[in-house]
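Let's walk through a protein chain together, one step at a time. Have a look at the whole fold before reading on.

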Amino acid sequence: MRIATPSLFRNALLLAALVIAADQFTKWLVMFEIMNPPRVIPVIPYINIVMAWNTGVSFSMLQGTGPWLLSALALTVSIGLLIWLGRLTHRLPGYAVGFIVGGAVGNVIDRLRFGAVFDFIDFYVGDWHWPAFNLADSAIFVGVVLLLFDSLFHQPDRGKNSAGSEAP
């Protein structure tokens with residue numbers, strides 16, 4: 001089994017820490033400075049800043065489950081990802097894990113502090129609005145896209161059998 005280089009593991013953790021810090025800073029800035037008083041602030045066509053609280057997970061699913069259970073679930077997944085990170089040898093999936101863990105922990109902090117996740121980015125087209133989201137959600141999305149990209153395009157060993165020849 002291959003083990004991640006210490007620099008890859010360290011850099012992915014640093015990325016996660018940067019995501020957490022940026023997420024918490026932007027939430028503080030919007031919650032206590034920009035949205036005082038609360039209102040809808042148009043930024044550019046198709047994007048507003050709003051105040052929204054999500055007691056569930058993505059797309060407000062699992063509302064009413066409670067912040068402790070959702071936090072425990074997110075932390076368990078994050079620990080699993082960190083264990084996997086310790087075995088990764090390529091940068092792209094390592095950084096993807098950093099984005100996902102940072103986003104997950106950023107939202108866990110909200111759940112434990114407020115009982116819900118603070119969302120403030122409102123993307124819309126006409127009268128249709130995507131569920132409000134935040135920087136942590138965006139980081140999770142970027143991490144998942146990077147993992148998908150890596151799994152589709154950057155695995156040189158894919159399609160080879162154990163002897164190293166191409167599989168039929």
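Helices and strands are DSSP runs, a helix having at least four residues and a strand at least two, and they are numbered from the N terminus. Keep in mind as you look that this is a predicted model.

Start with the overall layout. The chain contains four helices and four strands. The chain has 168 residues, and 33% of them count as buried. Now think about which parts of the sequence touch. Taking contacts between residues at least 6 apart in sequence, 68% join residues at least 24 apart.

The accessible surface of the chain is about 10,100 Å², and carbon and sulfur atoms account for 70% of that. Which residues make the nonpolar surface patch of about 510 Å²? The patch is built from Tyr46, Phe123, Val125, Trp128 and Trp130. Let's pick out one of these residues. Tryptophan 130 sits in the loop that runs between strand S4 (128–129) and helix H4 (135–153). Its relative accessibility is 37%, so tryptophan 130 counts as partly exposed.

Now let's go inside and look at charged side chains. The structure holds two salt bridges. Find lysine 27 and aspartate 23: they form one of them, with their closest N and O atoms 2.8 Å apart. Why are these two separated by about one helical turn? The reason is that lysine 27 and aspartate 23 are four residues apart in helix H1, which spans residues 6–34.

Lysine 27 also forms a salt bridge with aspartate 110, and here too the closest N and O atoms are 2.8 Å apart. Aspartate 110 belongs to helix H3 (residues 91–114) while lysine 27 belongs to helix H1, so this pair ties together parts that lie 83 residues apart in sequence. Through shared partners, the salt bridges join Asp23, Lys27 and Asp110 into one network.

Note on methods. Residues are numbered from 1 along each chain as its sequence is written. This is a predicted model: local features need pLDDT of at least 70, side-chain atom pairs count only at pLDDT 80 or more; totals for chains, interfaces and linings use all residues. Side-chain values use heavy atoms; hydrogens and water are left out. Buried means under 20% relative accessible area, exposed over 50%, partly exposed in between (1.4 Å probe, protein chains only). Contact means heavy atoms within 4.5 Å. Accessible areas come from the Shrake-Rupley method with a 1.4 Å probe; for residues, only the protein chains shown count as cover. Patches are made of residues with over 30% relative accessible area and no salt bridge: like charges are joined within 9 Å, nonpolar side chains (Val, Leu, Ile, Met, Phe, Trp, Tyr) within 5 Å. A salt bridge is a side-chain nitrogen of Lys or Arg within 4 Å of a carboxyl oxygen of Asp or Glu.
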